[in-house]
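Work through the exercises below with the sequence and the 3D view open. Try each task before you read its solution.

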Amino acid sequence: MTARSLSELFFDPAALAAEIESRGGRPFHARILREQVLGAGIMDYDSMTSLPGRVRDSLRVDFPILSCRELDSSVAQDQTTKLLLGFPSPEDQGRHDTVETVHIPSLRAKGEAGATLCVSTQVGCPVACPFCASGRAGLSRNLAAHEILDQFLAGRAIGKISRSVIMGIGEPLLNFKAVDQALRLVHEELGLGARKITLSTVGFPDRLRAVAPQEPPFQLAISLHTPFDTERDVLVPAMKGTPIEEILEAGDFWFETTGREITYEYVLLGGTNDSREHASTLGRRLHGRRCNVNLIPFNPVSDSDYNRPRGEEVEEFRASLEEAGVVATVRWSRGLESDAACGQLRLRAAQR
Ligand code: SAH
């Protein structure tokens, strides 16, 4: 298959070298090209002045730097930018498969420069959690490694990226080969530390155990959402029948193997999974494990029956986890006025 963008060529060094050579360039020009685009973030051929003009002019004709187009974007008051990116559909080049990428500038109070980039891994999602907009229409296809890289390059064009969360549309462990290829390149050539990259997954135990020994280890977040097996079968349908204990044991294995504490994510659905009994059972199950909990108050998505809990209820849940000896933080989502819940921009575009 011939590559259609420069980003795709970055994953095939032999093809990149051949393209450069056939245009009159020298082998070391491949390194310069990588340094300019991946290292320095240069996003137009005109600015790559250390490459011969004829090589640039010729590459430009056949290889746009990114394979995606920005189809829509929204900027919230706090400067969180949500991009709707369109990738050529493999069946019909005239059509676009869309995903969302979100650039979230760090709060200055935290003293960290840069932004967190939230990245998608699939077009749609096969897991179909009932509270999530991303899985509404199921899975269309996996993203290729260069399409994941494209999101980093498009995000970095907005502003410096200091962290990334693989928490956009899709389930990363169901497309892990491409995710891993992309993140390795991001780690090695965009210079983002593995500690600064968090993979968020529903936690298929076998897959977690297979990935844990890989170097370098990424940070891990597992979407748990309830301490009760029967309820999890409803909230995370694709994992129906997998006991929570197996997921927690795989989480323990991750910690033992990588030395990195994991995060359990818990979307708080008012009146559904935010009772005292939920908090105390979750606290008991996690007590003594090397982990922390990130509570995410439900972000309303259209046509959903779930409720967003009130601030006091969220705080009560957090406090009872702390009482049980489990560190818990609350993630009040940023940029709520502009369709904060992931998958909403895409859903809205599809409805149009
Ligand atoms: N597929 C991955 C990444 C999902 S997005 C995963 O399941 O972990 C990151 C987190 O946001 C997940 O915990 C997911 O369950 C949660 N989430 C999805 N929709 C949400 C919504 N409407 N409100 C709050 N959290 C939501």
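**Exercise 1. Which residues line the largest cavity, and how do they divide by class?**

Step 1. The lining consists of Phe-176, Val-211, Gln-214, Pro-216, Pro-217, Phe-218 and Trp-254. On a 1 Å grid over the protein atoms alone, a cavity is a set of points where a 1.4 Å probe fits but cannot get out; lining residues have an atom within 4 Å of a point.

Step 2. Sort them. Six are nonpolar, one is polar and none is charged. Ala, Val, Leu, Ile, Met, Phe, Trp, Tyr, Cys and Pro count as nonpolar, Asp, Glu, Lys and Arg as charged, and the others, Gly among them, as polar.

Step 3. A volume is the space filled by probe spheres set on the grid points, which are joined across faces, edges and corners. The whole structure has one cavity of 30 Å³ or more.

This is a predicted model: local features need pLDDT of at least 70, side-chain atom pairs count only at pLDDT 80 or more, and totals for chains, interfaces and linings use all residues. Numbering runs from 1 along each chain as its sequence is written, and side-chain values use heavy atoms, without hydrogens and water.

**Exercise 2. Describe the second largest pocket.**

Step 1. Its volume is about 260 Å³. A pocket is an open set of grid points with protein on both sides within 12 Å along at least five of seven lines.

Step 2. Twelve residues line this pocket; nearest its centre are Arg-4, Glu-8, Pro-88, His-146 and Glu-147.

Step 3. The lining holds six nonpolar, two polar and four charged residues.

**Exercise 3. Which residues come nearest to the ligand?**

Step 1. Of 18 residues around the ligand, the nearest are Gly-170, Ser-200, Ser-223, His-225 and Asn-299. A residue counts if one of its heavy atoms lies within 4 Å.

Step 2. Look for polar contacts (pairs of N or O atoms within 3.5 Å). A side-chain N or O atom of Ser-200 is 2.7 Å from a ligand oxygen. For the side chain of His-225, the distance to a ligand oxygen is 2.9 Å. Thr-201 uses a backbone N or O atom, 3.3 Å from a ligand oxygen.

Step 3. Check the cover. Alone, the ligand exposes 540 Å², and the protein buries 93% of that. Areas come from the Shrake-Rupley method with a 1.4 Å probe.

Step 4. Classify the shell: ten nonpolar, six polar and two charged residues.

How values were computed. Polar contact = N/O pair within 3.5 Å; in protein donor to acceptor, adjacent residues only side chain to side chain.
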